[in-house]
Amino acid sequence: MPTSAPVNPSLADAAHYGPQLGDAEFEFIRHVVGENAGIVLGPNKRQLVQGRLARRLRELGLPTYEAYCNYLREAGPEELVGLINAITTNVTSFFRENHHFEALASYMLPEAMKRNIASRRLRIWSAGCSTGEAPHCIGMVAGEALPASPRWDFKILATDIDSDVIAAASSGVYPIDRMSSVSPERLRRFFQKGSGDHEGAAIAKPELRSMITFRTLNLLHQWPMKGPFDVIFCRNVMIYFDQTTREKLVNRFAEMLAPGGYLCIGHSESIHAGSAPFKLVGKTIYRRNGGV
Ligand SMILES: C[S@@+](CC[C@H](N)C(=O)[O-])C[C@H]1O[C@@H](n2cnc3c(N)ncnc32)[C@H](O)[C@@H]1O
């Protein structure tokens, strides 16, 4: 899956041609997406929704958005996946907001190793990982930072609500022209050249792939994992949610983190001081209170 090429169809092909999204249907879709994914679609997002759903209508052979909304009502949860996969914004790239990966190498992993020296267990969660660039970057950094022997029990959980991006991420296949921010040394160590169907692509090597578990997970739902995590990356995801949902989520992340663990959020996101047990310790890096 291309790194920053949208998984969703371009807006251009559907914004002005084909079926038009009417008021009632837009309101219904906004409501369903808000209730089920937490994604707030403002009144100015009509063209975006129309553009992103156009391909879905074509796939289903439905002539109008009215027909699509009726289909959504009848199909229920089954089509909810199709709707949410079409609506999500999945833009990401390798080593996006690189200061988080530098901090991971320079103090997050060393502190976690000190804290967990007895169990030799380290856990990182990449929440809202899209096509998997962030968890692969975390894996590369950890592969360099952790000693080969004695081994650490190191695992990355990578989740997203969108099942299409999780399928793409699990393949570990990336077009090479999207990997300019991965150093030649890292490319050599952690990726192999694709051939045949994967000509022109880089494929994550088993060492890297084995660190990461990809799962579909809606952050608004119950979380099946117990934690604790040493670091949570949830970057450029909460930006789509309303303030109440963000605050609840940040508190749930705190419960999932080990005391002294870190939460990394996106460049335009912030956590209100006093609303959660976190201290800002770096650019969009929060440390969970407690611990050593
Ligand atoms: C813009 S991408 C961010 C990708 C990556 N974290 C980054 O910063 O490069 C936002 C991701 O959040 C996911 N997302 C949106 N709502 C979600 C929800 N309720 N639960 C889990 N993931 C969600 C989307 O599917 C999308 O892949």
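# Ligand site, cavities and backbone geometry

Student: In which loop does Pro228 lie?
Tutor: This is a predicted model, in which local features need pLDDT of at least 70 and side-chain atom pairs count only at pLDDT 80 or more, while totals for chains, interfaces and linings use all residues. Residues are numbered from 1 along each chain as its sequence is written, and side-chain values use heavy atoms, leaving out hydrogens and water. Helices (H or I, at least four residues) and strands (E, at least two) are DSSP runs, numbered from the N terminus. Pro228 lies in the loop between strand S6 (212-216) and S7.

Student: What is the omega of the peptide bond from Gly227 to Pro228?
Tutor: The bond from Gly227 to Pro228 is cis. A cis bond also joins Ser149 and Pro150, with omega about -5°, and Pro150 has its place in the loop between helix H7 (133-145) and S2. For Gly227 to Pro228, omega is near -5°.

Student: How many residues surround the ligand?
Tutor: The closest are Thr92, Arg96, Asp160, Arg235 and Asn236. By class, the shell holds 9 nonpolar, 8 polar and 4 charged residues (Ala, Val, Leu, Ile, Met, Phe, Trp, Tyr, Cys and Pro being nonpolar, Asp, Glu, Lys and Arg charged, and the others, Gly among them, polar). The number of residues around the ligand is 21.

Student: What percentage of the ligand's accessible area does the protein cover?
Tutor: Polar contacts (pairs of N or O atoms within 3.5 Å) include an oxygen atom of the ligand at 2.6 Å from an N or O atom in the side chain of Asp160. Nitrogen atoms of the ligand lie 2.9 Å from a polar backbone atom of Leu219 and 2.8 Å from a polar backbone atom of Arg235. On its own, the ligand has 600 Å² of accessible area (Shrake-Rupley method, 1.4 Å probe), and the protein covers 98%.

Student: What volume does the largest pocket have?
Tutor: On a 1 Å grid over the protein atoms alone, a pocket is an open set of points with protein on both sides within 12 Å along at least five of seven lines, and lining residues have an atom within 4 Å of a point. Volume is the space filled by probe spheres set on points joined across faces, edges and corners. For the largest pocket, this is about 590 Å³.

Student: Which residues lining the largest pocket are closest to its centre?
Tutor: The lining comprises 36 residues, divided into 19 nonpolar, 12 polar and 5 charged. Helix H3 (46-60), strand S1 (121-127), strand S2 (153-160) and strand S7 (229-234) each give two or more residues to this lining. Closest to the centre are Thr89, Gly128, Asn236, Val237 and Tyr240.

Student: What is the phi of Asn236?
Tutor: Asn236 is found in the loop between S7 and helix H11 (243-256). Its phi is positive in a residue other than glycine, with a value near 60°.

Student: What is the volume of the largest cavity?
Tutor: A cavity is a set of points where a 1.4 Å probe fits but cannot get out, and the count comes to 1 cavity of 30 Å³ or more. The lining of the largest cavity includes Gln243, Arg246 and His272. Its volume is about 60 Å³.

Note on methods
A residue is near a molecule or strand if one of its heavy atoms lies within 4 Å of it. A polar contact is a pair of N or O atoms within 3.5 Å; within protein, one must be able to donate a hydrogen and the other to accept it, and residues adjacent in sequence count only if both atoms are side-chain atoms.
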